Amino acid sequence: RDFTETDSEMANQAQPRPRYSACIADLHRIVNTKEARAIVELPQPEYSDFMNNNSLSPETLFEKQIFRRLGVLTDQGLETQGDKCPLCWLSRRVCYCADVPLVSTCHNFYIVQHFKEILRPSNTGKLIALALDATILIPGLTEHNQQIKEICSRPNTCVVYPTDDALLMPQFHSCCVKGVAPCQEQEEEQPELDDEQFVANFDALFNDNDDNTPDTNEPQTETTADSSAAQQKENDEAEKQQPAPDEPVERTYPNILTDTVTMNFIFIDATWHQVRGLFRHLPKLPCVKLAHPEGHTSFFQPLRNQPMPGRLSTFEACVLLLQEMGLEKTTRDALFYGMKKHVDVVLRQSHRPMAYGTIPTKGKPWKIKRDALKKELEEAEQLDGEPEARPLLN
């Protein structure tokens with residue numbers, strides 16, 4: 001049957017996502033055009049011969065490849081199975097759209113997503129679309145390429161990507177408020193912020209002076225050994241005052257989520273290897289990076305090991321950016337709960353134990369292999385001496 005925006009709205013009637021729903025409906029319209037269906041319905045040998053046709057441009061072949069992949073996934077996910085939620089891309093029986101709160105903001109958020117991530121159950125970019133009613137764009141589709149070019153031409157637009165010359169959120173916001181180009185702001189002296197708490201939080205990042213450099217105007221009364229010992233003592237005391245590694249550092253930020261200046265944020269949703277390729281193909285834009293990504297342990301770790309510290313999933317990077325824009329702690333925790341439930345659902349659907357326990361253990365809406373259930377009973381018998389009484393799973 002044909003897919004419409006009404007189907008998307010049914011996924012979460014309490015908090016509709018009109019832009020995200022329209023985006024999914026438009027994507028379904030694109031892959032059901034006559035041109036796309038001709039590629040999707042080709043048998044595999046003929047499709048391989050078509051892709052080896054050197055007379056077509058690389059851009060055309062790439063778009064045909066996207067048609068093929070999205071068309072097959074759409075047929076399998078939304079028509080063959082028929083019960084998948086079009087917003088979270090999971091079975092409606094385990095849909096968690098209602099667990100992701102809708103954040104109110106005056107800013108616009110866009111997700112430039114690699115075509116291999118669309119309709120992928122473990123993908124976290126869709127959580128950004130759920131939380132912010134954002135638009136997903138796939139580079140390579142002609143219509144989406146035009147939209148990306150138009151969005152990048154707007155003022156106050158940035159890419160959330162940690163380059164060497166990337167700005168922090170307060171710096172980019174200051175540029176937008178002053179109406180100056182971010183590259184000009186970088187060359188000038190760092191802006192002075194009015195909010196005392198905000199200045200205190202970013203003082204170490206804005207201050208270029210070395211705190212350990214002695215003042216030449218003051219007489220030096222301590223010897224080098226005494227100075228080193230005193231410095232070591234101060235460092236030891238500072239380490240004792242630091243919170244435990246598992247305890248997140250709570251910082252206070254001014255609320256600019258409902259600011260008078262509208263900003264446009266582009267998130268690149270792909271693997272780290274794919275992200276670099278997509279970033280190079282975007283028009284040159286100022287980049288914004290997180291202030292303290294290393295202080296957050298990724299909730300996505302049970303599904304995929306991050307290549308190095310500070311690497312986060314797309315959704316977690318978005319939530320931390322919203323926190324730097326003044327997102328309340330309760331809303332942040334609710335968003336992270338949706339992330340944890342996303343991880344648990346994907347783990348259970350692949351017959352692995354949950355990582356965060358966000359899903360009830362009884363009445364599971366999916367089937368678990370009997371071998372896995374037998375293993376759980378054997379482990380319980382070894383621990384307790386007697387097998388734990390558990391209801392049979394459907």
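Five strands form an open sheet in the order β2-β1-β4-β3-β5, with parallel pairing. Two strands count as paired if DSSP finds at least two bridges between them. The edges are β2 (135–137) and β5 (287–288); each has a single partner strand, so one side of each is left without a neighbour in the sheet. The model is predicted: local features need pLDDT of at least 70, side-chain atom pairs count only at pLDDT 80 or more, and totals for chains, interfaces and linings use all residues. Residues are numbered from 1 along each chain as its sequence is written, and side-chain values use heavy atoms, leaving out hydrogens and water.

**Sheet and covering helices**

- Strands of a sheet pair through backbone hydrogen bonds, either parallel or antiparallel.
- β1 pairs with β4 (residues 264–269) in the parallel sense, over 6 bridges.
- Q113 stands opposite D269 in β4.
- Helix α6 (residues 125–132) lies across β1, β2 and β4, and runs at about 160° to β1.
- Helix α13 (residues 272–281) lies across β1, β3 (157–160), β4 and β5, at about 135° to β4.
- Axes here are lines fitted to C-alpha atoms, for helices over the stretch in contact; angles run from 0 to 180 degrees between N-to-C directions.

**Helix α7**

- H144, I148, I151 and C152 are buried in α7 (residues 142–152).
- Seen down the axis of α7, the buried residues fall within an arc of 95°, so they line one face of the helix. The arc is that of the directions from the helix axis to the C-beta atoms.
- Q146 and K149 are exposed on the other side of α7.
- Buried means under 20% relative accessible area, exposed over 50%, and partly exposed in between (1.4 Å probe, protein chains only).
- The buried residues of α7 pack against α2 (18–31), β1, β2, β3 and β4.

**S91**

- S91 sits in the loop between α5 (58–80) and β1 (108–113).
- S91 is buried, at a relative accessible area of 10%.
- Beyond its neighbours within four places in sequence, S91 is in contact (heavy atoms within 4.5 Å) with D83, K84 and C85.

**Whole chain**

- The chain has 16 helices and 5 strands. Both are DSSP runs numbered from the N terminus: helices are H or I, at least four residues, and strands are E, at least two.
- Of its 394 residues, 43% count as buried.
- Among contacts between residues at least 6 apart in sequence, 71% join residues at least 24 apart.
- The chain exposes about 22,400 Å², with 49% supplied by carbon and sulfur atoms. Accessible areas come from the Shrake-Rupley method with a 1.4 Å probe; for residues, only the protein chains shown count as cover.
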